[in-house]
Amino acid sequence: MKTACILSVAALLAGGSAVAKTDDIVELKTPRTTVRASVDAQGIQGPDLRLRMTNDALSGEAFQRPVDLKLSDQRIQGTVGKEPVDLSVRERPDVVEMSGNFAGQPSSLTLSPDELTGSVGPCGYNLIIERDRKHYAGTRACGDRREDDVRVSIPKALGQDSASARMAALSLVLSHP
């Protein structure tokens, strides 16, 4: 009986460690949709995102489109679906800027500890960090549709060793209309 109890507790503890902490979740939440995925050293996994991430590549599938991106310190190149991606990435203290074309559309995005602004694919964002410092909140526009009460959570684990990996993964999430 004692052994069964110890095994049950061990099984619960093992199962609990396999569950992603909320600090390891990337999330885009709008009044119309929610995109949510767990982030770990191997990549990003969720209902809409199945991506493998290394310091020099991001590949897999996002929103039923194949993703094949090559990453360097200052560049993101490749394809999303059949559309080209060619972005330059500039990192300064506490700020990462990205500009160029994402999935065939002009894109320019700035990420800082205080705000997330710009456009990626068909969507433009104007978000500021909330007091809890755990998510950005504000508005977005995708085409002619404007949405208020938009929230984006970006875990530290998302491309923590590479600004290009972080911006590539974030672009895939934010470009979803």
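User: Why does C123 count as buried?

Analyst: Buried means under 20% relative accessible area, exposed over 50%, partly exposed in between (1.4 Å probe, protein chains only). C123 has 1% relative accessibility, so C123 counts as buried. This is a predicted model: local features need pLDDT of at least 70, side-chain atom pairs count only at pLDDT 80 or more, and totals for chains, interfaces and linings use all residues. Residues are numbered from 1 along each chain as its sequence is written, and side-chain values use heavy atoms, with hydrogens and water left out.

User: Is C142 buried or exposed, and how do you know?

Analyst: Its relative accessible area is 7%, under the 20% limit, so C142 is buried.

User: What makes C123 and C142 a disulfide?

Analyst: A disulfide is a pair of cysteine sulfur atoms within 2.5 Å. The S to S distance of C123 and C142 is 2.0 Å, so the pair meets that cut-off. C123 lies in strand 12 (residues 123-129) and C142 in strand 13 (residues 136-142), 19 residues apart. Strands are DSSP runs (E, at least two residues), numbered from the N terminus. The angle about the S-S bond is 115°, and the link is right-handed. The structure holds one disulfide.

User: Why is L111 called buried?

Analyst: L111 has 6% relative accessibility, under 20%, so L111 counts as buried. L111 sits in strand 10 (residues 105-111).

User: Which residues does L111 contact, leaving aside neighbours within four places in sequence?

Analyst: Contact means heavy atoms within 4.5 Å. Among the partners of L111 are D94, L116, Y136 and M167. L111 and D94 are 17 residues apart in sequence and 8.4 Å apart in space, C-alpha to C-alpha.

Conventions: Helix = DSSP H or I, 4+ residues; strand = E, 2+ residues; numbered from the N terminus.
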